[in-house]
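Hi everyone, thanks for coming. Please have a look at the sequence and the picture, and then I'll walk you through them.

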Amino acid sequence: MSFNRIISAAMMSTRSLLSVSTTCSRSFSTLTSPLMFRITHPLCAEPMKKKKRVDPAVAKSREDRRKRKMEKEIKKLKKNAQQLKPIDELEIPYTLVAQKNIRTRPAPQLSEEVIESRADLLKEWTTYRSRETQKDYKLIDRLVFSQQNALDELRLESEELYQEAIQIDLTLLPFSAKGPLHTPPLQNYESPDGDYSDISRNFEKEYEDRKAAMEDILNKNKKPHQIKKKKK
């Protein structure tokens, strides 16, 4: 009899423990399987942070400083609007600019005799070329005059022969050309080997709205910790 009482008491204690465990898990089930709905623990709202009061004069000064900076950046953009894109091949490397004093060669000092002899040679060469040019002009004028006289006499003889004579002679300067060697690219053509990488510099930046462009301009000269602080 006592043994049965002990067993019944143990069963009652296990039932009470099971009931306590089920109530602590805060879950209920509509099925006998493990799939069931569970209720999470309640979360209390966090108290609101106290807003810092800012002096209106300080806020106004910050806004004015921001506007002045924005106007300065806009003026700089307008000033450089007509600036051409730089060409790397035509720019002088900074290393050569720094070595300008080292690479500069002083001009040799010439004596007075050498300077006078060079001046005399230049005068003689100028006189010679002037005479040769005058001879060429006279020869060309004489040939043109003779040609015109011959055409006038030919026109008096026959108008048809004159019209044939004044036609342009295409065989006078032989010229031969071949078709274009650069053909347009073929569609759906796969190159057998090699890769193409575009390394051209892009100087344009598109913005969806003007506000983003202004924010980018203002944050360009700021330090990283200032930008992070503003985002927070």
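Let me start with a question: does E63 count as buried, partly exposed or exposed? E63 counts as partly exposed, at 35% relative accessibility. By that I mean that buried is under 20% relative accessible area, exposed is over 50%, and partly exposed is in between, with a 1.4 Å probe and protein chains only.

A word on what you are looking at. This is a predicted model, where local features need pLDDT of at least 70 and side-chain atom pairs count only at pLDDT 80 or more, while totals for chains, interfaces and linings use all residues. Residues are numbered from 1 along each chain as its sequence is written, and side-chain values use heavy atoms, with hydrogens and water left out.

Now the overall layout. The protein chain has eight helices and two strands; helices (H or I, at least four residues) and strands (E, at least two) are DSSP runs, numbered from the N terminus. In order from the N terminus, the elements go α-β-β-α-α-α-α-α-α-α. The chain has 232 residues, and 3% of them count as buried.

A salt bridge here is a side-chain nitrogen of Lys or Arg within 4 Å of a carboxyl oxygen of Asp or Glu.

How many salt bridges does a search of the whole structure find? The search finds two. In the other pair, the side chains of E159 and R155 meet at 3.3 Å, N to O. E159 is partly exposed at 37%, and R155 is partly exposed at 44%.

Finally, the surface patches. Patches are made of residues with over 30% relative accessible area and no salt bridge, joining like charges within 9 Å and nonpolar side chains (Val, Leu, Ile, Met, Phe, Trp, Tyr) within 5 Å. I92, L96 and V97 make a nonpolar patch of about 270 Å². V97 lies in helix 3 (residues 94-98) and is partly exposed, at 48% relative accessibility.

That's my tour, so over to you for questions!

Methods
Areas by Shrake-Rupley, 256 points an atom, 1.4 Å probe, with all protein chains shown as cover.
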